[in-house]
Amino acid sequence: METTGIVRRQTAERMRDALERLVTERDVWVSTAHPDHGPHQVPLWFLWDGRAVWMCTSATSVTARNVRKEPRVRLSLPDTFDVVLLQGEAEYFPDQEVPGGAAEAFADKFGWDPRVEEGSFLYVRVVPRTVRAWRGEPELHGRVIMRDGMWLE
């Protein structure tokens, strides 16, 4: 792996950069698994509310089916050089039971409100327990920036 030009960031800078991306990015890769059907990965739009990632998917999707059976999920932002990986447990809310503030913030960010669409949707909320962030090989050491739900300093 070529590392020329990569300057190793300290934990605080990695955390700041990861949080900025969580606020500004649109897509996240969601990895779920079902005890009988195995792993599944799909990109979804997401909203970061300062504490949790909110996503929305069809109530009949594989992702919805999986989080109902197995709430442990992994999320990744779509950049293989500037990696941000989150791990946590999913909570889910039918579209008519989602907290209003979360649904409104999601609709504001994307200009789309699943609550008014035909069909049922499921909002999925993930509070990260672990976050890893790194840019290239020089940052592999110390890539954990959140452990047990606490940001590292």
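Reader: Hi! I'm new to this one. How many helices and strands does the protein chain have?
Author: Welcome! This is a predicted model, and its protein chain has 3 helices and 8 strands.

Reader: Nice. In what order do the elements run from the N terminus?
Author: Starting at the N terminus, the order is α-β-β-β-α-β-β-α-β-β-β.

Reader: And what radius of gyration does the protein chain have?
Author: The protein chain has 16 Å. If you picture a box along the principal axes, the C-alpha atoms fill roughly 50 × 35 × 25 Å.

Reader: What share of the residues counts as buried?
Author: Of the 153 residues, 41% count as buried. As for the surface, the protein chain exposes about 8,600 Å², with carbon and sulfur atoms supplying 50% of that area.

Reader: What about contacts between residues 24 or more positions apart?
Author: Among contacts with a separation of 6 or more, such residues account for 64%.

Reader: Let's switch to charges. How many positive and negative ones are there?
Author: The protein chain has 20 positive and 24 negative charges, and their mean positions lie 6 Å apart. Side chains of opposite charge can pair when their charged atoms come close.

Reader: Could you show me some? Which side chain meets Asp-17 at 2.9 Å?
Author: That's Arg-9, which forms a salt bridge with Asp-17 at 2.9 Å, N to O. Both of these residues are buried. Asp-17 also has a salt bridge with Arg-16, at 3.1 Å from N to O.

Reader: Why does Asp-17 count as buried?
Author: Asp-17 counts as buried because its relative accessibility is 10%, and the cut-off for buried is under 20%.

Reader: And Arg-16, what is its relative accessible area?
Author: Arg-16 has 49%, so this residue is partly exposed. Salt bridges with shared partners join Arg-9, Glu-13, Arg-14, Arg-16, Asp-17, Arg-21, Glu-25, Asp-82, Arg-135 and Glu-139 into one network.

Reader: One last thing: which residue pairs with Arg-26?
Author: Arg-26 forms a salt bridge with Asp-27, and the closest N and O atoms are 2.7 Å apart. Arg-26 counts as partly exposed because its relative accessibility is 46%.

How values were computed:
Residues are numbered from 1 along each chain as its sequence is written. This is a predicted model: local features need pLDDT of at least 70, side-chain atom pairs count only at pLDDT 80 or more; totals for chains, interfaces and linings use all residues. Side-chain values use heavy atoms; hydrogens and water are left out. A salt bridge is a side-chain nitrogen of Lys or Arg within 4 Å of a carboxyl oxygen of Asp or Glu. Buried means under 20% relative accessible area, exposed over 50%, partly exposed in between (1.4 Å probe, protein chains only). Helices (H or I, at least four residues) and strands (E, at least two) are DSSP runs, numbered from the N terminus. The radius of gyration is taken over C-alpha atoms; the globule rule is 2.2 Å times the number of residues to the power 0.38. Contact means heavy atoms within 4.5 Å. Accessible areas come from the Shrake-Rupley method with a 1.4 Å probe; for residues, only the protein chains shown count as cover. Lys and Arg count as positive and Asp and Glu as negative; His and the chain ends are not counted. The place of a charge is taken as NZ of Lys, CZ of Arg, CG of Asp or CD of Glu.
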